[in-house]
Amino acid sequence: MPVQERALQTRGTLIRAAASVFDEFGYSGASITEIINRARVTRGALYFHFASKEDLANGVIDAQAEQVRVEPRELKLQELVDLTVTVARDLSADVVLRAGIRLAVEQGAFMSVRESPYMTWIDMCRRILEEARESHELLPHIVPADTAELVVGSFSGIQLLAQARSGRDDLRERVSTFWNHVLPGIAVPGVLARLDTSAVLPDESGSEPPTN
């Protein structure tokens, strides 16, 4: 195996091992020794890729958004709904995504983090909303940056509540309820009637949502 490919593989192994430890113990409770043991690498290998536990936490946060894939949709607002539903679905199975969200909640434990972990998600939602505005899907008064922060902040709270109440088993339904309340306040009526908030993704239903 080429050196560069092996290095990337080791880095990925470390990210996944660190994510499993952060997800289980949180940032403060996570130890470098446990991460090394789970990754089955040497301490030197870890420090070759990451300078500290904080650096590892940042690596997990950077990697979480890369785990999420949303199919392009005719309506950009549908893509935004799909993004939240996809995250809700994948939280149960994707330890990197789950750990990244926990680290975002616990960001005060590593104060020198480069920027708020929420910014990656806010920027992603803002870009989708800006495209929705360009496609005339948004009501005239809607500011994409403000709505992006509302979506991310609301999702963060919803997933914490779902975790406490059901172990996130009902998270997708809670996300659907959120959109049923929010979309009438941001989408133009003609678009609103075409949006699917059922928390079922295209690859699960085998079809696009209704268009009329």
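Predicted model: local features only at pLDDT ≥ 70, side-chain atom pairs only at ≥ 80, totals over all residues.

**Labels and their cut-offs**

Colleague: What makes a set of residues a nonpolar core?

Modeller: The residues must be buried Ala, Val, Leu, Ile, Met, Phe, Trp, Tyr or Cys, joined through side-chain atoms within 4.5 Å. Buried means under 20% relative accessible area, exposed means over 50%, and partly exposed is in between (1.4 Å probe, protein chains only). The largest such core has 41 residues, and Leu 77, Leu 80, Leu 83, Val 87, Trp 121 and Trp 179 have the most contacts inside it. Two or more of its residues come from each of helix 5 (76-90), helix 6 (95-105), helix 7 (118-134), helix 8 (144-166) and helix 9 (171-182). A second, separate core has 23 residues, including Ala 18, Ala 39, Leu 46 and Ala 57.

Colleague: How many helices and strands does the chain have?

Modeller: The chain has 11 helices and zero strands. Both are DSSP runs numbered from the N terminus: helices are H or I with at least four residues, strands are E with at least two.

Colleague: What makes helix 6 mostly covered?

Modeller: Eight of its 11 residues are buried. They are Val 96, Leu 97, Arg 98, Ala 99, Gly 100, Ile 101, Leu 103 and Ala 104. At the start of helix 6, a side-chain oxygen of Asp 94 comes to within 3.0 Å of the backbone nitrogen of Val 96.

Colleague: Why is Arg 98 called buried?

Modeller: Its relative accessibility is 16%, so Arg 98 counts as buried. Its side chain makes a polar contact with the side chain of Asp 23, at 3.0 Å. A polar contact is a pair of N or O atoms within 3.5 Å; within protein, one must be able to donate a hydrogen and the other to accept it, and residues adjacent in sequence count only if both atoms are side-chain atoms. Beyond four places in sequence, Arg 98 is also in contact with Arg 168, among others.

Colleague: Is Arg 168 buried or exposed?

Modeller: Arg 168 is buried, because its relative accessible area is 16%. It is found in the loop between helix 8 and helix 9, and has a positive phi of about 75 degrees although it is not a glycine.

Colleague: And Arg 40, buried or exposed?

Modeller: Arg 40 has a relative accessible area of 77%, so it is exposed. Arg 40 lies in the loop between helix 2 (32-39) and helix 3 (43-49), with a positive phi of about 60 degrees.

Colleague: Why does Asp 146 count as exposed?

Modeller: Its relative accessibility is 52%, so Asp 146 counts as exposed. Asp 146 is found in helix 8.

Colleague: What makes two rings a pair?

Modeller: Rings of Phe, Tyr and Trp (its six-membered ring) pair if their centres lie within 6.5 Å; planes under 30 degrees apart count as stacked, over 60 as edge-to-face, and the rest as tilted. The count by this rule is two aromatic pairs. The rings of Phe 22 and Tyr 27 have centres 5.9 Å apart and planes at 15 degrees, so this pair is stacked. The rings of Phe 178 and Trp 179 have centres 5.0 Å apart and planes at 65 degrees, so that pair is edge-to-face.

Colleague: Where in the chain is the confidence lowest among the helices, and where is it highest?

Modeller: The lowest mean is 75, in helix 11 (residues 202-205), and the highest is 97, in helix 10 (residues 189-192). These are pLDDT values, the predictor's confidence in each residue from 0 to 100. The chain averages 89, and 91% of the residues score at least 70. Over residues 207-212, pLDDT stays under 50.

Methods
Residues numbered from 1 in each chain as written. Heavy atoms only, no water. Contact = heavy atoms within 4.5 Å.
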